[in-house]
Structures are given as C-alpha cells and as structure tokens.
Amino acid sequence: MSSVVQLLDDIRQRGQDHKDSLPQRDVRGEAFWSGIGFSLNGVNYIVPIDEIVELIPVPHTTKVPGTKSWHKGVANLRGVLLSLVDLQEYLGRSSSRSILKQRVLVIDQEGSYLGLVVDEIRGLHHFDEDEQVEADLTADAVLAPYIIGGFERDGELWRIFGIKELFESPEFHQVAV
C-alpha cells in the first residue's frame with residue numbers, strides 16, 4: 001500500500017516540478033490565464049490553477065473541540081492531515097445545502113494542507129488577457145478583501161479569489177472559540 005502512495009506522491013511532485021514548463025500561450029500565440037472555477041451562493045469565482053494541489057469530495061472529518069463552526073475538522077488525506085474550512089460559513093453565511101455538489105479545494109501552504117469546502121466546482125478555465133476586467137468585481141462587502149481581479153466571458157463574470165489574501169487575513173487564523 002505504501003508503494004502506491006509513494007508512486008502517487010512522486011507523480012504529484014513531478015507535476016509540480018514541471019508546471020512552469022506548461023504553455024502560457026494558446027495556439028494563436030496569445031497569452032492566457034488558467035484557473036479552477038467554483039461557486040459560492042451561485043456566484044462564480046476562480047483561483048489560479050497553480051494554487052490548488054487537488055480537488056476532492058468532502059471527506060469524513062473529525063471535529064476539533066474548541067474551534068469555530070466554520071472549521072469542519074481534520075481529515076486524513078493519504079496519510080497527511082487536512083484541515084477543512086467551510087468557506088461559506090467562514091464568510092458568515094449558512095453552508096450549502098447541496099452536500100453532493102460540494103467539493104474541497106486542497107491547498108498546500110508550505111507543507112501544511114488546507115481544504116476549502118466550496119459549493120460546486122465549475123471546471124478548468126483559460127482566459128485571454130483581453131477578457132480581464134477591473135470594474136464591478138465585488139459581489140458583496142464580505143468578499144471584497146479576497147477579490148483580486150476578474151475575467152468576463154460571454155456576459156459571465158469570474159472573480160479571482162485570492163488564496164494569499166485569505167491566508168493573510170487575521171480572522172482566518174482565529175479558529176479557536
């Protein structure tokens with residue numbers, strides 16, 4: 001069993017090592033931006049693809065006593081401790097009712113794994129530079145500190161959710177009740 005885990009970790013590491021060699025231009029020679037789309041409360045967001053380690057269904061968790069309700073607990077992800085945060089609840093909203101659609105964005109913060117539970121994954125998206133927008137990005141005041149840009153395609157706005165901005169937020173580190 002450990003050889004399988006070791007093989008999977010080796011494949012993951014090789015992918016990380018070679019991510020910079022991936023094309024940054026499309027077949028027309030134009031630069032593009034890639035990200036993983038997700039939704040919260042029916043609003044589209046996107047995070048840079050290189051900030052996400054993997055996407056998983058919501059795993060079984062063990063609750064950690066004395067933590068806020070948005071910290072869902074910890075889970076074992078192939079032998080690595082994964083702390084789970086319900087992004088909706090962290091933002092002061094009720095959690096999604098569609099548990100079957102919920103997914104976890106797994107983020108590696110210098111060896112510590114964090115899972116952000118989102119309502120739904122909306123796929124991998126590539127945007128041309130000319131689709132970038134600057135105005136009217138704030139869905140609401142609660143999310144404003146985490147929105148770092150956006151793209152618009154076919155009348156649909158995709159707000160870039162800043163993982164770094166989330167991690168640097170003092171409130172995010174106040175997990176204890």
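A residue counts as buried when its relative accessible area is under 20%. In this predicted model, both Phe-167 and Phe-172 are buried.

The two residues also form an aromatic pair. The structure holds 13 aromatic pairs. In the pair of Phe-167 and Phe-172, the ring centres lie 5.7 Å apart and the planes meet at 45°, so the pair is tilted. Tilted pairs fall between the stacked limit of 30 degrees and the edge-to-face limit of 60. Phe-167 and Phe-172 belong to a cluster linked by ring pairs.

The strands were examined next. Strands of a sheet pair through backbone hydrogen bonds, either parallel or antiparallel. Here, six strands form an open sheet with mixed pairing. Their order is S8-S1-S2-S11-S10-S9. The edges are taken by strand S8 (120-128) and strand S9 (132-133). Each has a single partner strand, so one side of each is left without a neighbour in the sheet. For S9, two bridges join it to strand S10 (residues 147-153). S9 and S10 run antiparallel. Within S10, Gly-150 is the bridge partner of Val-133.

A further position of interest is Asp-9. Asp-9 sits in helix H1, which spans residues 2-17. Its relative accessible area is 40%, so Asp-9 is partly exposed. Asp-9 and Arg-78 are separated by 69 residues in sequence. In space, their C-alpha atoms are 9.5 Å apart.

Key
Residues numbered from 1 in each chain as written. Predicted model: local features only at pLDDT ≥ 70, side-chain atom pairs only at ≥ 80, totals over all residues. Heavy atoms only, no water. Helix = DSSP H or I, 4+ residues; strand = E, 2+ residues; numbered from the N terminus. Buried < 20%, exposed > 50% of the residue type's maximum accessible area, 1.4 Å probe, protein only. Phe/Tyr/Trp six-rings, centres within 6.5 Å; stacked < 30°, edge-to-face > 60°. Pairing = 2+ DSSP bridges.
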